[in-house]
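I opened the notebook to keep track of what I looked up, one topic at a time.

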Amino acid sequence: MEALGTFGQLLAGGLLTGLVFALVAVGLTLVYGVMDVVNFAHGEFLMLAMYAALGLALVGLGPLVGLPLVAIAMFLFGIVVYRVFVRRLLAGPPEATVFGTFGLLVLMQGLAQALLTSDYQSVPSPPLQGTVRFGAIALSQATLVEGLGALVLTAALFAFVEYTETGRAMRAVAEDRVAATLMGIDVQRVNGLAFGIGAACVGAAGALLMLSYPVYPTAGASFALTAFVIVALGGFGSIQGALVGAVLVGLLEVFGGFYLSPELKMVPVYLAYLAVVLLRPQGLLGRR
Amino acid sequence: MTSARPHLLALGAIAALGLLAAFSVQSAVVLDLVFTLLLYAVLGQSWNWISGYAGNISFGHAIFFGCGAYASALCVTHGLSPWLAIPAGVLAAAALALATGFPTLGLRGHYFSIATIAVAALVEAFVRTSHWLGKANGFELPIASGWGALQFGQKGPYVVLALALFVAVQLATIALERSRLGYYLRALRANHAAAASVGIDERRTKLIAFAWSATMAAAAGVLYAQYTLFVDPPSTIALAVSIDIALIGVVGGIGTLWGPLTGALVYVVLAKAVALRLGGAGKGYDLVIYGAIICLIAALRPYGIVGTVVDAIRRRRGAAGTIPPAATPAETAA
């Protein structure tokens, strides 16, 4: 009975962790799907959002109240980064997007270290400190809100891409850029929007994460590594795939950390990545 | 291909300058800078073989550097000669490159890049949990002296060794640029389907380049361990080390003979300047500068410092440039 309780606890923990991963990963996969760019600075966008949420919390707006503000600010940040930087990378050789976003990663980490120090910083007196019990499973309120909030936002993004005119335009650009241009779609505008929305996803995720995580200059990096794996698992460009991959990775990480050792928790995740890209390169739910 | 003579002359001049420094300069600070510069240039060139010439961008190259460093640590702490670490480390690195490259070198673009991160993380997890590899604590090498122990009280001999390694690596790269292997790699990078259609075996070609690349990094690792006498995961195989190696390769210019030395020069000079001016590394100022340089290069000059200079020379000579002119915003918006 106790083993079953532990199993249920790990299962719930893994699921909720996976849902937060999903929100980070859908931003990455959307940008990849629309413009074939793997944003290596995606984790640093998340780090920036976490600092933004922290800043708002320090002036009295807690992470949940601050969430829409952070998401909107990150949306605008993403559009600006696309307009002034990523657009130029797309005009260069294919490696330019890898190096360029890698440079952005180094630059943003450096700025965070220089301006905000390397200290771990948390929201002072965060809300949702209680525990919720489901039979033998005990979950902190913060974790529950993080996971469910991320699920709602991921579903909202999916609905947006699937059912709105702009979402249709994004899918058209993802499918065939030239044909989309011929149909009168402004590819630059769609790219910019996709980059902005990708940043808004980590904006929301960053605000949610501040409920229970501290922020520091490399806080986003480990999430981004996980997100790369998730996106590859689910199939680059597929939102449903990212959700499935994220839950899978969340479970692998939580169970790996418990049954192997915390130091080895990423080992099953990386093995899963290698197995998928070698055996099924299009990912679990990817096309092509 | 242009004549090799100017490159050989330049290399000879650098070797002469390096030897002069090794034997006449007394300042340990300057010699330390020269040693670091040469070591990073070797690591950058090693990365350049697989990521520049072969076009498979690696973010996990530090594991091959680690093979050499750990070979050295294991030999010395088990009472064996550190000279044995050179063949041992090099063979281990080449074997690791073949074993990990065989499945992953067929992956393209970011699939390969992320796979290198995954492989490096697995290697690091293995080292951190293996008792015989010192786990997270690593090794402190016992102090000795002389050529037999490959340790010296002065920094001069280290500079000579690093210089010899650098010259060997540059000569190998000059040879690569003129060899069948080099032409195959260039063909694969330009268009792998077309290259395959004329009978170039992509996996075999890239595996050979990867093994040589790993070999160079391992040799640098042995030298590093003998120099610092301390080997642990964060200083040798961690993701941060891999990122530094890639940084050096990108800043100087990928796929160019002198790019890695240029990148290493920028890296070492900046690290030193930042440490002097702004009070120590680790505060992020150096990262800001590297990051800004890479962003600017990627957005405006994606072929790096050396690539841009080479192209300017070619244009002046009236030959067609290899780099398309930087896109104007109007073109990009189209």
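**Entry 1, the model.** I noted before anything else that this is a predicted model.

**Entry 2, chain A against chain B.** I looked up how many residues each chain brings to the contact. Chain A gives 40 residues and chain B gives 34 residues. On the side of chain A that touches chain B, α3 (63-91), α4 (95-116), α9 (219-234) and α11 (267-279) of chain A each supply at least two residues. The largest share of that side is from α4(A), with 16 residues. I also sorted the side of chain A that touches chain B by class: 29 residues are nonpolar, seven are polar and four are charged.

Helix α1 of chain B covers residues 5-24, which is 20 residues. From its first C-alpha to its last it reaches 28 Å, close to the 28 Å expected at 1.5 Å a residue. I then asked how many of the 20 residues of α1(B) are buried. The count is two, and I wrote α1(B) down as hardly covered.

Helix α2 (residues 28-53) and helix α6 (residues 156-177), both of chain B, pack at an angle of about 25°, and their axes are 9 Å apart. I therefore recorded α2(B) as roughly parallel to α6(B). Their crossing is left-handed. Residues of the contact include B:Leu31, B:Phe35 and B:Tyr53 of α2(B), and B:Gly156, B:Phe166 and B:Leu176 of α6(B). By class, the residues of this contact of α2(B) with α6(B) are 16 nonpolar, three polar and no charged.

The crossing of α3(B) and α4(B) is right-handed. Among the residues making the contact are B:Ile63, B:Cys67 and B:Gly68 of α3(B), with B:Ala85, B:Gly89 and B:Leu96 of α4(B). The contact of α3(B) with α4(B) has 11 nonpolar, three polar and no charged residues.

I found B:Gly263 in helix α12 (residues 259-278) of chain B.

Conventions:
Residues numbered from 1 in each chain as written. Chains lettered and ligands numbered in written order. Predicted model: local features only at pLDDT ≥ 70, side-chain atom pairs only at ≥ 80, totals over all residues. Axes fitted to C-alpha atoms, helices over the stretch in contact; angles between N-to-C directions. Helix = DSSP H or I, 4+ residues; strand = E, 2+ residues; numbered from the N terminus. Parallel < 35°, antiparallel > 145°, perpendicular 65-115°, else oblique. Left-handed = near helix turned anticlockwise from the far one by under 90°. Contact = placed C-beta atoms within 7 Å. Nonpolar A, V, L, I, M, F, W, Y, C, P; charged D, E, K, R; others polar. Expected span 1.5 Å × (residues − 1). Buried ≥ 20, exposed ≤ 12 C-beta atoms within 10 Å, placed from the backbone.
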